[in-house]
Amino acid sequence: MRVRRSAVPVLLWCLATAASIAVASLALRPVLRTAIPSDSVSLEAEQERGHGGLMTQPQPSLPPPTSSRLPASAPPPSSARPPASSGAGTPKPPTTTAPPPRIVDGWTVTTGGDGVDTYLRSFRTDGGDAVIRIRDGVVSLVTATPRDGYSVSKAQNEPTRLVVQFVDNSGGSAWLVDAMWWQGGPHGEVTRIGT
C-alpha cells in the first residue's frame, strides 16, 4: 500500500497525538486514583438485597405509630395482656441485620448475607453518568446514561475490568470511565479524551 507524501505529516501528527495521550494518561493515573468524588452513591443494604442490586428511590419512612394513652386509673384491656407462658414457649428465630454500608475509596460497600462484599459507585462526567458494581472481583455495569449529544458504549474483555465510554456525537471528545478489581480492591477513574 502506497502512502502519498502529503499524508505522511498527517500520519506523523496522529501518531504523536496518540503517544502524547498515552503518556498523559500514565502521568495522571496516580493523581486520578487519589481523587475521591463527593457524589458517590449511598445505597442501603436492604435496597441492594431486595431489588437485585438495582438502584431505586429510597422509600419514605413511616412515622412511628402513635399509642393511645389510657387514663392512669383505668386497667388495660384484657386483649393487651400477653398470654401467660408455661415456660416451654417456642424460641423466636434469631433476627439478622446486615451491617450498615461503608465508604472505601469512594465506593459504597455492603456485605451480603453470604458474607461477600459488594462495591457500588456512581461516576459523573460531562458525557454522562455510570453506576458500576463490583462483587467477588467481577465488575458489572448497573446503569449508563449519556447526556444530550453523547452516545454510550462499554467494553469488557475480562470480568475484572470494565470501560464505559461516552462519546460526543460531533466527534470532538469522549469520556472514559475505567473500573477494575486490582490487587484486592476496587479502582475507578474518569479520563477525558479530546477537546
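From the N terminus on, the elements of the protein chain run α-α-β-β-β-β-β-β-β-β-β, so that the predicted model comprises, by the DSSP assignment of runs, two helices and nine strands. Of the 195 residues in the protein chain, 25% are buried, and the chain exposes about 13,900 Å², of which carbon and sulfur atoms supply 59%. When contacts between residues at least 6 apart in sequence are considered, 30% join residues that are at least 24 apart.

Five of the strands form an open sheet, ordered 1-2-3-4-5, in which the pairing is antiparallel. In general, strands of a sheet pair through backbone hydrogen bonds, either parallel or antiparallel.

Antiparallel pairing is also found among strands 7, 8 and 9. Strand 7 (residues 161-168) pairs with strand 8 over seven bridges, and the two form a hairpin with four residues between them, in whose turn G171 has a positive phi of about 85°. Strand 8 is in turn joined by 10 bridges to strand 9 (residues 185-194); this second hairpin has two residues between its strands, and Q183 in the turn has a positive phi of about 50°. The bridge partner of S173 in strand 9 is G194. Eight of the 10 residues of strand 8 are buried, and this strand is therefore largely enclosed by the rest of the structure.

With a relative accessibility of 8%, D178 counts as buried, because the cut-off for burial is a relative accessible area under 20%. The side chain of D178 makes a polar contact with the side chain of R161, at 2.4 Å, and D178 is the bridge partner, in strand 8, of V163. Leaving aside neighbours within four places in sequence, the contacts of D178 comprise R161, L162 and V163 together with H187, G188 and E189.

Two aromatic pairs were identified in the model. In the pair formed by W107 and F123, the ring centres lie 5.9 Å apart and the planes stand at 75°, and the pair is therefore classed as edge-to-face. Because W107 lies in strand 2 (residues 107-111) and F123 in strand 3, this pair ties together parts that are 16 residues apart in sequence. Both W107 and F123 are buried. Y119 and W181 form an aromatic pair that is tilted, with 5.4 Å from centre to centre and 55° between the planes. This pair links distant parts of the chain, with Y119 in strand 3 and W181 in strand 8, 62 residues apart. The two partners fall into separate accessibility classes, since Y119 is buried, with a relative accessible area of 12%, whereas W181, at 25% relative accessibility, counts as partly exposed.

Two prolines in loops were also examined. P101 is placed in the loop between helix 2 (45-50) and strand 1, and this residue is partly exposed, with a relative accessible area of 30%. P101 and Y119 are 18 residues apart in sequence, and their C-alpha atoms are 9.7 Å apart in space. P159 is placed in the loop between strand 6 (150-158) and strand 7. The C-alpha atoms of P159 and V139 are separated by 5.9 Å, although these residues are 20 residues apart along the chain. Leaving aside neighbours within four places in sequence, P159 is in contact with G137, V138 and V139.

Note on methods:
Residues numbered from 1 in each chain as written. Predicted model: local features only at pLDDT ≥ 70, side-chain atom pairs only at ≥ 80, totals over all residues. Heavy atoms only, no water. Pairing = 2+ DSSP bridges. Buried < 20%, exposed > 50% of the residue type's maximum accessible area, 1.4 Å probe, protein only. Polar contact = N/O pair within 3.5 Å; in protein donor to acceptor, adjacent residues only side chain to side chain. Contact = heavy atoms within 4.5 Å. Areas by Shrake-Rupley, 256 points an atom, 1.4 Å probe, with all protein chains shown as cover. Phe/Tyr/Trp six-rings, centres within 6.5 Å; stacked < 30°, edge-to-face > 60°.
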